[in-house]
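The following exercises are to be worked with the sequence and the structure at hand. Each task is followed by a solution in steps.

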Number of protein chains: 4
Amino acid sequence: MDISQDVQAIQDKLTQRRRDFHMFPESGWVEYRTAAIVAEQLNQLNYQVYVREDASRSSSRMGVPAAEVLQFHENRAISEGADPVWVEQMKGGHTAVVGVIRTGKPGPVIALRFDMDSNDLTESASESHRPVQEGFSSRHAGMMHACGHDGHTAIGLGVAEILAKHKDRLCGEIRLLFQPAEEGSRGAKSMVDAGWLDNVDYFFGGHIAFKSKTLGEIVASINGFLATTKINVTYTGIAAHAGAAPEEGRSALLAAAAASLHLNGISRHSGGATRINVGTLEAGSGRNIVADKALMKLETRGGTTELNHFVKNEAIRIIENVAIMYNVACEWEIVGEAPGAESSPELIPVIRQAVEQMGSVKSFIPSMDLGGSEDIVYMMNRVQQQGGKASYLLFGSPLEDGHHQVGFDFDENVLVIGTELLIRLVLACQETIL
Amino acid sequence: MDISQDVQAIQDKLTQRRRDFHMFPESGWVEYRTAAIVAEQLNQLNYQVYVREDASRSSSRMGVPAAEVLQFHENRAISEGADPVWVEQMKGGHTAVVGVIRTGKPGPVIALRFDMDSNDLTESASESHRPVQEGFSSRHAGMMHACGHDGHTAIGLGVAEILAKHKDRLCGEIRLLFQPAEEGSRGAKSMVDAGWLDNVDYFFGGHIAFKSKTLGEIVASINGFLATTKINVTYTGIAAHAGAAPEEGRSALLAAAAASLHLNGISRHSGGATRINVGTLEAGSGRNIVADKALMKLETRGGTTELNHFVKNEAIRIIENVAIMYNVACEWEIVGEAPGAESSPELIPVIRQAVEQMGSVKSFIPSMDLGGSEDIVYMMNRVQQQGGKASYLLFGSPLEDGHHQVGFDFDENVLVIGTELLIRLVLACQETIL
Amino acid sequence: MDISQDVQAIQDKLTQRRRDFHMFPESGWVEYRTAAIVAEQLNQLNYQVYVREDASRSSSRMGVPAAEVLQFHENRAISEGADPVWVEQMKGGHTAVVGVIRTGKPGPVIALRFDMDSNDLTESASESHRPVQEGFSSRHAGMMHACGHDGHTAIGLGVAEILAKHKDRLCGEIRLLFQPAEEGSRGAKSMVDAGWLDNVDYFFGGHIAFKSKTLGEIVASINGFLATTKINVTYTGIAAHAGAAPEEGRSALLAAAAASLHLNGISRHSGGATRINVGTLEAGSGRNIVADKALMKLETRGGTTELNHFVKNEAIRIIENVAIMYNVACEWEIVGEAPGAESSPELIPVIRQAVEQMGSVKSFIPSMDLGGSEDIVYMMNRVQQQGGKASYLLFGSPLEDGHHQVGFDFDENVLVIGTELLIRLVLACQETIL
Amino acid sequence: MDISQDVQAIQDKLTQRRRDFHMFPESGWVEYRTAAIVAEQLNQLNYQVYVREDASRSSSRMGVPAAEVLQFHENRAISEGADPVWVEQMKGGHTAVVGVIRTGKPGPVIALRFDMDSNDLTESASESHRPVQEGFSSRHAGMMHACGHDGHTAIGLGVAEILAKHKDRLCGEIRLLFQPAEEGSRGAKSMVDAGWLDNVDYFFGGHIAFKSKTLGEIVASINGFLATTKINVTYTGIAAHAGAAPEEGRSALLAAAAASLHLNGISRHSGGATRINVGTLEAGSGRNIVADKALMKLETRGGTTELNHFVKNEAIRIIENVAIMYNVACEWEIVGEAPGAESSPELIPVIRQAVEQMGSVKSFIPSMDLGGSEDIVYMMNRVQQQGGKASYLLFGSPLEDGHHQVGFDFDENVLVIGTELLIRLVLACQETIL
């Protein structure tokens, strides 16, 4: 069983799949086309495939779009080649997919996670942007894979294929989790609550590039995840003619502006890192009308769950009281949330050993701080709380432009590396008792 | 010559035209379909018709949309029945139309003004909204006649038709000015600068309803126009990941929020009324990104041109220095401006006399304060500076919903009243020496 | 009875009294020395003298200083020559004095008002300041007559003296009201509530200079008084070391800063003039401590009582909710309030006639707008509500520096003019039936 | 040589001195009485005593009070028993004192630092406050030893006395640095610039209590000093009557309020801890006057010197541009500054060994993070840059109230412990080669 050779053999397929996903990016909870392809592939590879409520708990999903939006994307996915049978099952934003091999032989439960959703960005149309040059840039205005999840999903299918090929040599149980809505920390919790992280002995997730910008570099364990909460706020005031009767108006725009400044002034904390960001603000309908609507999207973060709670609680008090101060109505909703987490240090030597068998890996970094948030932390925390080990890896790659930027692109050779490493980790864990 | 009877005879036509314009609303500088219909009608009535640079000076137009936007609407107008020959002549946002009767007989120069543009609103789809019930609500998402300009244009064509019918009884010169882009105070100046208000002896404009909500009520002279300036502001900061590197970001959203609050705090003035309104604010691209773009649309007003300048100058200093304070780039542009004005009191008795001949008018109010802005003031000021008399009237009507509201609708019986009164005023002025 | 000659004869006395009051300025409710001199003079002139609860209702006084402060000034007044018997009666901030002549003959009730309090300013020590040059500048640090009330009180005593001299020629009843605490609009209401403005037929008050800067100019009737409310706000947060534990602090300073900005942003009103001013702010105890205390002194104004209420209500909502937003405690107190008012136009010809008899008056202005607040409006409103006539006058004078400025000084020749005019008005009203 | 016994013998003297300093607290640069006592004691103990420019470089002193203030305190110090000869030498805010023993024998240069200044607080007058009960509370309104520097100075004199007693057993050179103006980080740099930290092999400073609240606990090395900058800002606007002419005013109060909020909103930094605090704000002269003056005292901090510079640079841009935005003049001054620092870990075992010889020490903590700023860091950095070792210690003590609180008091038994430990460290370092 020569894993390297197996993976090399599917390199073109990995690239093609990534490019296909890249052309048809789908953001959180509307990954119908992507998920339908994943489900169909797993099915063909004889995995037991779980979708809908079996894959994720409906009520634990955060930030699900409105019904019209979901329906629009269901139709679009079908028009772009998604199998209507799968889409039918996934309707209403049930785009999580789980593929399972139960070998029947004694052995550990191993779970791998791959996130599928895209960002809400319109991809660069610049001639110097490789996806444009090579014809695989996004067909969807306002959606783009600018975080590498297209690559993650391609890796997931590559891992699925090769593990399936060697199924008779496996033991225990293997769960491949294809997760929707990682952006905004909205999806992982629903798969945790469906039970897929229960009784897991070893759990891995990985991300292309991020802080590792060198092809052939592997970071074994990411720490310093910031806990985070995502909040949407709507202020509703009273419109009035700004010249004729300004006193009759209640400006939702001013309320949102004031909230933005006061949120930004939340006290620093001596206990560690905190963050606050009002990322978007849309307010008002016309220049000469006192603005009666404002929508803010914001997030809080903290070096620990407690620090995040400090910022979140301050934020909510400010959000609510600015409304009273400006005499406008206020609605707010938590649309995403993730705690902090740490990778299990016991896995570092396991990963190091796997890496040493791979000619394609030139550099090994045992541990690194993220300084960001990733909702895989829900999964890691559940695994670790039940005694399992979990690690979040980086697969290094040079980038054309930063994550979440319109010119984002990575070196597709990283697909082979990620695929091989995860397969080797599955195999290593089957032989390991930590 | 029984004017009342003449006007009654075209009542249905007035209503049909108004409803046609209502169904195809076009906002400032893209009134291609509306203006093409107006030009064609005037032409058929044997007016001398002026369009393009002959009707308005290009360089004096304020807030003209981008070339793509103009082109989109040129095409749409044609697809919705506008005569391509007229549209071709109006290309590039030249939608002003002037129709002139030069009688060759001695007599005064009389000018009337009708504004044609719609608002940027999506009309109510409520079943209780009469335009919905009767099938003439807006076909254009994001555009709606919510200020009665559809009615004004219909009145203008009605006046044109009946004056043409009695052409041989007229003396002097009559100019019918169909103005684009009144909303935002962007269009009047360009027609003034093309010379159409030069040497005018009598000038009238009128508005449906506004502060007069009773059918059959006429306000003879509007005063207390607030001078106004319309400003667009763009802040450009630096995007950064709000968790991983907040310090690398420069938030355009916070700059705009701060500007909104500080603008709102511009000092009151002991010299009279002032206003400031940040009407719309759009900022940011994603929740977890430091916002690198923000666009604000705002306006200042003052009881006099000087008071407006006080607020405008304060505003510009604030706009610019907030940018430096937040280390973001700033661009601002004045996209509309109008001075203050007063109607000529000498016209009140003339109007009173005309009104007294009309059975349809029940109530006469000599003068009223507007407390708003209207760019007709450019025209009134020019006429008065050259010794002419000018008055801005209201034609009372009940309203379903306020001006600039999505449920706006008026009583179409006002069309007959407005048409008749303006014709009577033309005739009266031909006989009057003030 | 040659009034001009009578007044000329006491010119030196008027000047000396003004300078004595100027040297010993006393701010609102601590005018012990001033009031004791007034009471003693009136007593010697055989007026019926009312002090304490007889002169003003205790519970209607606004913004009375703390007990220690009152006691300090009682002692100081005695040490500076005030008669301890009068001071004893005035203890606890009861410094209003009323002197009455009841002639027993039929005739109108006429009331005149003179305000006695100083400002909270430290007078200029500049050599170029006349009170310094001539040795009568303030002996009290932090207190100064910078609004001319020293002159008003001197005029009041001059009027008292000459009216007393001609007592047998008077009819009806004459009330001389010496009012404390005009600054901050705190005192007039308490004298109204004690009944001194009931059943008054004619009422006059006057101010030196203000908007009339020419000696010999008289403004007969002041209008456009702005209604006003004076509010003190205290925020109490939690102190904390700003480096070691910023999250434990609750900054009263930031709350007050936010309140200042948001108050300043209260909407303009289409109904007329409004004002808001946070005049003083003191916050914090040390640079490296999160500030736990902040005190703001602010005022609202409006062209009418209703407009002032609009601003006041907005202000209070902001003041309270900023506190909740910053998680600090808030106390606020209304320490002064005055409605709007208008002078009775019927008095203008009476005043004109009186003025015409005076060689010292060169210029007569029938009416002028104040654009400020004066708590005499309580008195005017009460008189007018009961059918009496009231007017507030200006006695023109050049000024060295503006009102409420540390270099304030007026031309003392105005004292003769003010005294003579008020006496003439009393006599005129006795003969007049309006 | 039994150090413990030596120190026990002077315990009463330590307490008396501490209480004497406590009764006569003197804040930064006016420690005339304290420094005169220190200088006289060192002189009597045969130290070489350096004052004036010999002890600190004049031009490197930060935040020196105005000349009148210095002179007031020079006179007061003499009136409270300071030796006029010493005060004369210290005039103008030269209150640093250095006492040196040069043994002439080979050996290391060892320096100890004791800070002498008090806080700007008025001490609690509560009967439950021990200094009140025992009659040694502050005689100076507005000044109080609320940070234990009275104890530090007493310890310094105790160390001086016992080292002098054993002078013949010492080698190398010993420098005792009595520093003014530690509060506000204003004094240390001037002693560094006078050369007293050059060529130092071992350097110690210590603080009573702070984060160690147990008598008998010693923290060997403080780390995590926050770098800091202290800034005073004055805004000067234009006063105007807030009712009559608000537009003529330029509010320094609003500028300061805006600056406070915007400063508070300076971005967090992913590189580590940052702080900003506007500690005090005083603005305005009267409620009805647009405020023409505002003074803010603020500080920035950072986990490293670079992080502090990030905040400081942001702060200065905000401070300056708020002024332009509000059209007011702005002056700002850096009145204190300190870099970050780390104690030398090599000294931990030395301190542990010394502590183990002391029966009075029950608990030893090798290292602790401060989370605050102390200007001793200038001294530590200079020593370490030249190859020496430096450590900042804590001498544990229970506290009645927190540092910088008006009820602050410590357990005076800590004086013996601090004195003994520093003497033992001097002796240990003489025998040690690290």
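**Exercise 1.** Determine where Arg169(B) is found and whether Arg169(B) counts as buried or exposed.

*Solution.* Step 1: locate the residue. Arg169(B) belongs to the loop between H8 and strand E4 (173–179) of chain B; helices (H or I, at least four residues) and strands (E, at least two) are DSSP runs, numbered from the N terminus. This is a predicted model, in which local features need pLDDT of at least 70, side-chain atom pairs count only at pLDDT 80 or more, and totals for chains, interfaces and linings use all residues. Residues are numbered from 1 along each chain as its sequence is written, while chains are lettered from A and ligands numbered from 1 in the order in which they are written.

Step 2: apply the burial criterion. A residue is buried if 20 or more other C-beta atoms lie within 10 Å of its own, exposed if 12 or fewer, and partly exposed in between, with C-beta atoms placed from the backbone. Arg169(B) has 12 C-beta neighbours inside 10 Å and therefore counts as exposed.

Step 3: look along the chain. Leu427(B) is 258 residues from Arg169(B) in sequence, yet their C-alpha atoms are 9.3 Å apart in space.

**Exercise 2.** Describe how helix H2 (residues 11–23) and helix H8 (residues 149–165) of chain B pack.

*Solution.* Step 1: recall the description required. Two packed helices are described by the angle between their axes and the distance between the axes.

Step 2: state both values. The axes of H2(B) and H8(B) are 8 Å apart, and the angle is about 140°. Axes are lines fitted to C-alpha atoms, for helices over the stretch in contact, and angles run from 0 to 180 degrees between N-to-C directions.

Step 3: classify the angle. H2(B) is therefore oblique to H8(B) (angles under 35 degrees count as roughly parallel, over 145 as roughly antiparallel, 65 to 115 as roughly perpendicular and the rest as oblique).

Step 4: list the residues. H2(B) contributes Leu14(B), Arg17(B), Arg18(B), Phe21(B) and His22(B), and H8(B) contributes Asp150(B), Gly151(B), Thr153(B), Ala154(B), Leu157(B) and Gly158(B). Two residues are in contact if their C-beta atoms, placed from the backbone, lie within 7 Å.

**Exercise 3.** Classify the packing of helix H11 (residues 305–325) of chain B with helix H11 (residues 305–325) of chain D.

*Solution.* Step 1: the two axes come within 9 Å and cross at roughly 180°. Step 2: H11(B) and H11(D) are therefore roughly antiparallel to each other. Step 3: the contact includes Arg317(B), Ile318(B) and Asn321(B) in H11(B), and Arg317(D), Ile318(D) and Asn321(D) in H11(D). Step 4: by class, this contact has eight nonpolar, two polar and two charged residues. Ala, Val, Leu, Ile, Met, Phe, Trp, Tyr, Cys and Pro count as nonpolar, Asp, Glu, Lys and Arg as charged, and the others, Gly among them, as polar.

**Exercise 4.** Which elements of chain A supply the side that touches chain B?

*Solution.* Step 1: the contact takes 40 residues from chain A and 41 residues from chain B. Step 2: helix H10 (252–264), strand E8 (274–283) and strand E9 (293–302) of chain A each supply at least two residues of that side of chain A. E8(A) gives the most, with eight residues. Step 3: by class, the side of chain A that touches chain B has 16 nonpolar, 16 polar and eight charged residues. Step 4: E8(A) and strand E8 (residues 274–283) of chain B run antiparallel and are joined by three bridges (two strands pair if DSSP finds at least two bridges between them). Leu281(B) is the bridge partner of Ala283(A).

**Exercise 5.** Trace the sheet of chain A and identify the strands at its edges.

*Solution.* Step 1: eight strands form an open sheet of mixed pairing, in the order E1-E2-E4-E3-E5-E12-E6-E11. Step 2: E1 and strand E11 (363–369) of chain A each have a single partner strand, so one side of each is left without a neighbour in the sheet. Step 3: from one strand to the next, the twist averages 20°. Step 4: six bridges join strand E6 (residues 217–223) of chain A to E11(A), and these strands run parallel. Ile218(A) is opposite Phe364(A) in E11(A).
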